[in-house]
Amino acid sequence: SIAHAAEAGGTAVNITIDDGPDPRWTPQMLDILKEHGVKAVFCMVGPEAKRHPDLVRKVVADGHRLCDHTISHDTTMDKKPVAYQKQQILDAKKMIEDAAGGAKVEYYRAPGGAFTPDSRRIAAEAGMRPLGWNVDTKDFELPGTAAIVNTVKNELSNGPTILFHDGGGDRAQTVAALRQVLPWLKEQGHTFSFPVRTAP
Ligand SMILES: [Zn+2]
């Protein structure tokens, strides 16, 4: 099944960051996460991981976890043949793991949430837990930093897994939002966790 819960339970939240790694934005997000002692999950696009192995290794070295976000980021892959889904998932996993130099990819997140029963099975058989989200910050649409922050504040009651992006365009708003969101979450008494990897 698709994971949303936090390993730590309670009021813990999961920070997840998609579509990178990106040489401009990923290092800035890593700095903010480190400053606040927060570990996150990075859902990487295979060719971007292959292009920037230094960033993949930095993500791993900082204690974050890796997630497979396919080769082509095809948000209609739920309409495509199973063989295509399998290639998209498994080839990206190999690219990310080759770049990581040893660390395993622990989650799979379908582009745009376009999961299928087959893609969930393919991921699980390859040792990756399908990973969903509860709070979509919609940072991808460039709504402004304040709007991204407010979406987290207003929608956190949906569940603990929050979606941001470090790739796919100008992520300055996301960087600025993360800088505000992490201290706010702490003020509210939240801790930080990883999404669950095993079924309850
Ligand atoms: Zn994505």
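At what angle do helix H1 and helix H7 pack, and how far apart are their axes? Helix H1 (residues 26-35) packs against helix H7 (residues 172-187) at about 5°, and their axes are 10 Å apart.

## About the model

This is a predicted model, where local features need pLDDT of at least 70 and side-chain atom pairs count only at pLDDT 80 or more, while totals for chains, interfaces and linings use all residues. Residues are numbered from 1 along each chain as its sequence is written, and side-chain values use heavy atoms, with hydrogens and water left out.

## H1 and H7

Helices (H or I, at least four residues) and strands (E, at least two) are DSSP runs numbered from the N terminus. Axes are lines fitted to C-alpha atoms, for helices over the stretch in contact, and angles run from 0 to 180 degrees between N-to-C directions. H1 and H7 are therefore roughly parallel to each other (angles under 35 degrees; over 145 is roughly antiparallel, 65 to 115 roughly perpendicular and the rest oblique).

On the H1 side, Gln28, Met29, Ile32 and Leu33 meet Thr174, Val175, Leu178, Arg179 and Leu182 of H7 (contact means heavy atoms within 4.5 Å). These contact residues comprise 6 nonpolar, 2 polar and 1 charged (Ala, Val, Leu, Ile, Met, Phe, Trp, Tyr, Cys and Pro are nonpolar; Asp, Glu, Lys and Arg are charged; the others, Gly among them, are polar).

## H3 and H4

Helix H3 (residues 53-61) and helix H4 (residues 82-100) pack at about 75°, with axes 8 Å apart. That makes H3 roughly perpendicular to H4. Here Pro53, Val56, Arg57 and Val60 in H3 meet Ile96, Asp98, Ala99 and Ala100 in H4. By class, this contact of H3 with H4 has 6 nonpolar, no polar and 2 charged residues.

## The nonpolar core

The largest nonpolar core has 42 residues, of which Ile15, Ile162, Phe164 and Leu185 touch the most other members. Such a core is a set of buried Ala, Val, Leu, Ile, Met, Phe, Trp, Tyr and Cys residues joined through side-chain atoms within 4.5 Å. H7 gives the most to this core, with 7 residues. Leaving out residues up to four places away in sequence, Ile15 touches Val38, Ala40, Val41, Ile162, Phe164, Leu182, Leu185 and Phe192.

## Thr16 in strand E1

Thr16 sits in strand E1 (residues 13-18) and counts as buried at 0% relative accessibility (buried is under 20% relative accessible area, exposed over 50%, partly exposed in between; 1.4 Å probe, protein chains only). A polar atom of the Thr16 side chain lies 2.7 Å from the backbone oxygen of Ile162.

How values were computed
A polar contact is a pair of N or O atoms within 3.5 Å; within protein, one must be able to donate a hydrogen and the other to accept it, and residues adjacent in sequence count only if both atoms are side-chain atoms.
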